[in-house]
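Welcome! Let's take a friendly look at the charged side chains in this structure and how they pair up.

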Amino acid sequence: MSNECLFCRIAAGEIPADIVAEGESWMAFRDIQPQAPVHLLVIPREHVESAAELDSNPALGGELLQAVAAVASQEGLYDEGFRVVTNVGERAGQSVMHLHFHVLGGRRMHWPPG
Ligand code: AMP
């Protein structure tokens, strides 16, 4: 846990979040600036900087993707479809340097992203 890290502090319960589901190694909460009617973030409880680090921790990657699928189902996104995004590095748009999967749904998505 890093005291400097916003998502570590959310995982520790020090900063409030609208939590929708939790597992042993992960938690899912609503994005504070939603970009779609449903916009969740799935994060590992432990500090992992980005998806690039999953190279050395494939088990955690599997658990997080299982969580993504579970929360998408819980939010009723299966019929309409949904988008899963993770930004890696500042140049790709990552602003919080703690791994998170965005789960977006409830509207039509466009491609390619900007
Ligand atoms: P990214 O830009 O891919 O790193 O995504 C970071 C996301 O975290 C953005 O969509 C922000 O809106 C979201 N965010 C920042 N602070 C909070 C917070 N306190 N609670 C929930 N979501 C947050």
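Asp18 and Arg30 join their side chains in a salt bridge, with N and O 3.7 Å apart. Asp18 sits in the loop between α1 (6-11) and β1 (19-22), while Arg30 belongs to strand β2 (residues 26-30), so this pair ties together parts 12 residues apart in sequence. Here, a salt bridge means a side-chain nitrogen of Lys or Arg within 4 Å of a carboxyl oxygen of Asp or Glu. Helices (H or I, at least four residues) and strands (E, at least two) are DSSP runs, numbered from the N terminus.

## About the model

This is a predicted model, in which local features need pLDDT of at least 70 and side-chain atom pairs count only at pLDDT 80 or more, while totals for chains, interfaces and linings use all residues. Residues are numbered from 1 along each chain as its sequence is written, and side-chain values use heavy atoms, leaving out hydrogens and water.

Glu75 lies in the loop between α2 (58-74) and β4 (82-85), so its pairing with Arg30 in strand β2 ties together parts 45 residues apart in sequence.

How exposed is Arg30? Its relative accessibility is 33%, which counts as partly exposed (buried is under 20% relative accessible area, exposed over 50%, partly exposed in between, with a 1.4 Å probe and protein chains only). Asp18 is partly exposed at 46%.

## Another pair

The structure holds four salt bridges, and one of them links Glu14 with Arg9 at 3.0 Å, N to O. Glu14 is partly exposed at 43% relative accessibility, and Arg9 is partly exposed at 32%.
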